[in-house]
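Please open the structure in a viewer and keep the selection tool at hand.

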Amino acid sequence: MTFSTKGNAMSSNKVPALVGTNSITKGEDVSITLKFVDAAGSAIDLTGYTAGASIDDQPLEATTPGTNIADFTPDYTDAANGTITLTMSKTVTAAIAVKGYIWDMWLRDSTGLVTYMIPNRAEVILNVTDNPA
């Protein structure tokens, strides 16, 4: 999955939305690539940023934090071009119950400013097609 967030969220502390409901297949590796761009469409250099993302068991409209179910691992291999990839191994997804959750993420710049992304739904589903042996 690849998403693009528009608006210079990091320098102005705006809160961009993560797009749509994401399906996570139980027992499969997950990779979500996010590209951050400014209002003109130019990549935001994320060099020196740190990120975190997790799946929580709570209604999207909740006003208090839910229970953390699993964390994504951020990969910064293309941070200079505004790209961060969030991954979760099949071992981790295998332990998550099939149902709806929410997920969100945060970014911290080199000055310590933390920007939270708007939470979105994550549906953990079973694989429909059997993997051939």
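Begin by selecting threonine 85 and threonine 33: their side chains make a polar contact of 3.3 Å. A polar contact is a pair of N or O atoms within 3.5 Å; within protein, one must be able to donate a hydrogen and the other to accept it, and residues adjacent in sequence count only if both atoms are side-chain atoms. The model is a predicted one, in which local features need pLDDT of at least 70 and side-chain atom pairs count only at pLDDT 80 or more, while totals for chains, interfaces and linings use all residues. Residues are numbered from 1 along each chain as its sequence is written, and side-chain values use heavy atoms, with hydrogens and water left out.

**Strand β6**

Threonine 85 belongs to strand β6; helices (H or I, at least four residues) and strands (E, at least two) are DSSP runs, numbered from the N terminus. Its relative accessibility is 14%, so threonine 85 counts as buried (under 20% relative accessible area; exposed is over 50% and partly exposed in between, with a 1.4 Å probe and protein chains only). Beyond its neighbours within four places in sequence, threonine 85 is in contact (heavy atoms within 4.5 Å) with Ser31, Ile32, Thr33, Thr73, Pro74 and Asp75.

Next, select leucine 86. Leaving aside neighbours within four places in sequence, its contacts include Val30, Leu34, Ala53, Phe72, Trp103 and Met105.

Then move to methionine 88, which is in strand β6 (residues 83–88). Methionine 88 counts as buried because its relative accessibility is 3%. How far apart are the C-alpha atoms of methionine 88 and glutamate 28? They are separated by 8.6 Å, although the two residues are 60 residues apart along the chain. Glu28 is also among the contacts of methionine 88 beyond four places in sequence, as are Ile55, Phe72 and Ile96.

**The nonpolar core**

Now select Phe36, Ile55, Phe72, Leu86, Trp103, Met105 and Leu107, the residues with the most contacts inside the largest nonpolar core, which has 25 residues. Such a core is a set of buried Ala, Val, Leu, Ile, Met, Phe, Trp, Tyr and Cys residues joined through side-chain atoms within 4.5 Å. At least two of its residues come from each of β3 (30–36), β4, β5 (67–78), β6, β7 and β9 (120–125). In soluble globular proteins, nonpolar side chains tend to be buried together.

**Charged residues**

Select aspartate 57 and lysine 99 to see a salt bridge whose closest N and O atoms are 3.0 Å apart. The term denotes a side-chain nitrogen of Lys or Arg within 4 Å of a carboxyl oxygen of Asp or Glu. Aspartate 57 lies in strand β4 (residues 50–57) and lysine 99 in the loop between α2 (90–94) and β7 (100–108), so the pair ties together parts 42 residues apart in sequence. The structure holds one salt bridge.

Continue to aspartate 109, in the loop between β7 and β8 (114–116). Its side chain and that of threonine 111 are joined by a polar contact of 2.6 Å.

**The whole chain**

Buried residues make up 35% of the 133 residues. Colour by pLDDT, the predictor's confidence in each residue from 0 to 100: the mean is 80, and the value stays under 50 over residues 1–19.
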